[in-house]
Each structure stands twice: as structure tokens, then as C-alpha cells.
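Subject: Structure for your review

Dear colleague,

Please find below the sequence and the structure that I am handing over to you.

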Amino acid sequence: MAPPTGPLNLDVEAISGICGYISIAAWIVVFSPQIAENFRRGSAEGLSLQFIIIWLVGDVFNILGAILQGVLPTMLILAIYYTIADMVLLGQCFYYKGFTWKDEIPPPKPKTPRVRATGEANERTGLLDAHLVNSRERRGSTHSWHSWEHLSPAVPMIPGAPTTPPPPPTKLRTLFTHTTAILMVCVAGVAGWYLSRHAAGEHASEPSNGGPQFNLWGQIFGWMCALLYLGSRLPQLLLNWRRKSVEGISMLFFLFSCLGNLTYVLSIFAYEPTCAHAGHCQPGEASDIYGRYILVNASWIAGSLGTLFLDLGIFVQFFIYSDVNSDEDDDTYVEDAESSGGDEERWDQRPILERVGSGAP
């Protein structure tokens with residue numbers, strides 16, 4: 001790009017460069033949270049397979065359109081990187097789900113029977129269990145056998161004794177970690193822009209050819225890419241709605257995607273036209289060049305803004321279904337704690353003759 005000739009040019013160039021480098025930083029790490037989430041869970045149930053496949057095809061058209069149309073070089077480099085990362089996610093989905101096209105809904109997990117609350121026997125609880133739980137509730141025992149189980153030879157130590165699962169992270173902690181990650185990406189983008197600008201100095205130049213020119217096949221591939229990007233979000237939205245859950249999906253995955261799309265669009269709009277005669281633009285020449293530049297990049301703008309709004313819909317699902325899932329997790333946490341407590345406290349350490357026919361300690 002030509003050296004800045006005034007404060008306005010410097011501001012426009014700086015905004016475009018900073019947004020462009022933040023977009024690069026966001027897109028470099030965008031797939032990392034979801035890949036790590038799949039590895040951590042050993043599953044890819046929360047991710048729509050159709051979402052990844054359509055996104056991969058869109059990235060292929062993005063590469064072709066970027067080459068033919070001659071858009072920002074950063075977009076071409078990122079498109080190649082997206083394709084590689086998409087293949088990694090696709091490989092995870094095939095590994096965990098098998099080679100299938102359909103997004104299957106896993107059956108709901110059975111809940112632990114709340115023996116302590118009902119005290120009734122069913123096909124999963126024995127009559128002796130219900131009797132012991134009822135007698136323990138009548139006694140009002142509040143002691144846990146973990147504290148003195150090893151003192152009785154009749155109750156040996158069990159290495160695999162049930163333990164209470166850790167509670168889920170709080171919303172405040174999640175907000176802090178996600179905000180920190182976003183700020184780190186922004187700082188990395190600004191640092192990258194500053195270092196590249198300082199290293200390039202004033203040797204970089206942009207040819208004064210009257211602005212970008214249209215390429216028919218470049219535009220065709222660009223608009224096909226935009227349509228595929230928009231269509232890729234629909235299977236994920238539908239899968240979340242059918243599951244009534246966002247479990248298995250990394251919020252940072254979509255946060256980085258939103259940040260990358262937003263800053264990329266801003267880097268396109270922050271464009272300073274270069275007239276045929278540098279520094280001497282004819283009346284209306286700069287606006288014509290700017291308008292043609294926006295039209296050339298219209299498909300990439302539409303794809304980025306469209307996916308940005310669809311990602312907002314996924315965030316709405318995060319807030320809706322996260323509250324439902326957190327309530328279910330709390331209930332499960334309480335159930336596990338109560339059921340484990342019932343299993344632990346059902347042991348009566350008194351001699352057998354004292355326990356027979358006794359309803360009180």
C-alpha cells in the first residue's frame with residue numbers, strides 16, 4: 001500500500017491493517033477449541049457433520065474465488081488453512097461417529113433413581129436397600145461411613161468407592177476465561193500488524209491501476225462460497241434444537257468465528273481508494289473506485305456478515321440450553337450426592353443382635 005500522505009490516510013490504513021491482522025489471529029485459533037473439546041470428551045456428538053462438510057466445500061470455493069478475483073492475500077492464505085483445519089474436524093467426526101452423513105440424536109441418559117427421596121423399591125433397587133434407607137431416615141443419621149469404615153473388619157476398604165462429581169464451572173469463571181482468550185487474540189493481531197508495518201517501512205507500494213477489476217469465475221466461486229457458508233450453520237442450529245442442548249460444542253469456537261468475520265468485514269470497508277494519478281483524484285473518481293471495490297468483495301462481505309448473524313443464533317441457543325443443562329446437572333449432582341450418601345450411610349456398625357428389631361440407635 002502506498003505510504004500515507006495525511007492523518008486521514010494513516011487512520012484508514014491503520015484500521016484496515018489492525019482489523020485484518022486480528023482477523024488472521026482469530027481464524028488461526030478458531031478451530032483449536034473445538035478440536036480440543038472433541039479430544040477431551042472423546043466424542044463429536046455435539047458437532048453437526050453436515051455443518052463441517054458444507055463448510056469444507058465453502059472453503060474450497062473460497063480458495064478458487066480468492067485466486068481468480070485477487071482479493072486480499074490474507075484471505076487466500078486463511079482459506080487454505082481453513083481447509084486443512086476442516087479436514088481435521090471432519091476426521092474427528094468420522095472417527096467418533098463413523099462414516100455417515102446423518103446427524104443422529106443420542107438417546108437421553110437414564111437418571112439415577114432417587115432411593116433416598118422415595119424409599120420405595122423398584123426393578124433397579126432391592127428390598128433390603130429400601131428397608132435400610134428407610135431405617136436410616138427414621139434414625140436421622142447424618143454421619144458418613146467414609147470417616148470410620150476402615151475401623152470395622154466387616155466393612156473393608158473399597159478402592160472404587162463412588163465419589164461426588166465436581167460441580168460445573170460457574171458462569172463468571174466461563175466469562176472470564178472466554179474474555180481473556182478474546183483479548184489475547186486481539187493483542188496478538190495488533191502486535192502482528194505493528195511488527196509487519198515496522199518491518200515493511202515505506203518500501204511497500206500498491207499499483208495505481210484504478211482499483212480492483214471484476215472476474216466472472218472469481219465472482220461465481222465467491223458467491224457459491226457465501227451461500228455454502230450461510231447454509232453450513234443451519235444443520236448446527238437444527239441439531240442443537242433437536243437435542244435441546246449445546247453439550248459438546250465449544251463456545252470459543254463460535255466466538256473466534258464471530259471475531260474473525262467481524263474484523264474481516266471491517267478491514268474491507270476500511271479501504272482507501274488509490275486513483276490513477278496518485279494524490280490527484282478526479283471528481284468522483286475515489287468514490288467510483290471504492291464502490292467497485294465493495295462490489296468486487298460483496299460476496300465475501302455477505303458470507304462473513306451472514307454467518308455472523310447466524311452465529312448469534314447459536315449464542316442464543318447457548319444461553320437457552322445452557323440454563324436447562326445446568327439445572328439438570330445440578331439435579332444430577334444432588335442425586336449422585338444423595339444416592340452415594342445413601343449407599344454409604346446404609347451400613348449399620350452395631351452388632352447384628354442389637355440391630356434386629358431396633359428402630360433407634
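The notes that follow cover the annotated spans, the cavities and selected side-chain pairs.

Please bear in mind throughout that this is a predicted model.

Annotated spans

An unreviewed UniProt entry assigns the feature "transmembrane region" to residues 14–35, 47–68, 74–96, 175–194, 214–231 and 252–271. In the model, the span 47–68 is 91% helix and 0% strand, with 32 Å between its end C-alpha atoms. For residues 252–271 the figures are 90% helix and 0% strand, and the end C-alpha atoms are 29 Å apart.

Cavities

Two cavities of 30 Å³ or more are present in the structure. The volume of the largest cavity is about 130 Å³. Its lining consists of 13 residues, and those nearest the centre are W27, W55, Y229, N261 and S304. Two or more lining residues come from each of α3 (49–69), α4 (73–97), α8 (216–243), α9 (251–269) and α11 (298–345).

A polar contact

Helix α3 also contains N62. The side chain of N62 makes a polar contact of 2.8 Å with that of W300. N62 has a relative accessible area of 0% and counts as buried, because the limit for that class is under 20%.

Salt bridges

Side chains of opposite charge can pair when their charged atoms come close. The model has three salt bridges.

- R40 and E37 form a salt bridge at 2.9 Å, N to O. Both residues belong to helix α2 (residues 32–41) and are three residues apart, about one turn of the helix. R40 is exposed at 62% relative accessibility, whereas E37 is buried at 16%.

- E247 and R41 form a salt bridge at 3.3 Å, N to O. E247 is in the loop between α8 and α9 and R41 is in helix α2, so this pair ties together parts that are 206 residues apart in sequence. Both partners are partly exposed, E247 with a relative accessible area of 38% and R41 at 33%.

- R233 and D311 form a salt bridge at 2.6 Å, N to O. Since R233 lies in helix α8 and D311 in helix α11, the pair ties together parts that are 78 residues apart in sequence. Both R233 and D311 are buried.

With kind regards

Key
Residues are numbered from 1 along each chain as its sequence is written. This is a predicted model: local features need pLDDT of at least 70, side-chain atom pairs count only at pLDDT 80 or more; totals for chains, interfaces and linings use all residues. Side-chain values use heavy atoms; hydrogens and water are left out. On a 1 Å grid over the protein atoms alone, a cavity is a set of points where a 1.4 Å probe fits but cannot get out, and a pocket is an open set with protein on both sides within 12 Å along at least five of seven lines; lining residues have an atom within 4 Å of a point. Grid points are joined across faces, edges and corners, and a volume is the space filled by probe spheres set on the points. Helices (H or I, at least four residues) and strands (E, at least two) are DSSP runs, numbered from the N terminus. UniProt positions are given in the numbering used here, feature names are shortened, and annotations may be inferred rather than shown by experiment. Buried means under 20% relative accessible area, exposed over 50%, partly exposed in between (1.4 Å probe, protein chains only). A polar contact is a pair of N or O atoms within 3.5 Å; within protein, one must be able to donate a hydrogen and the other to accept it, and residues adjacent in sequence count only if both atoms are side-chain atoms. A salt bridge is a side-chain nitrogen of Lys or Arg within 4 Å of a carboxyl oxygen of Asp or Glu.
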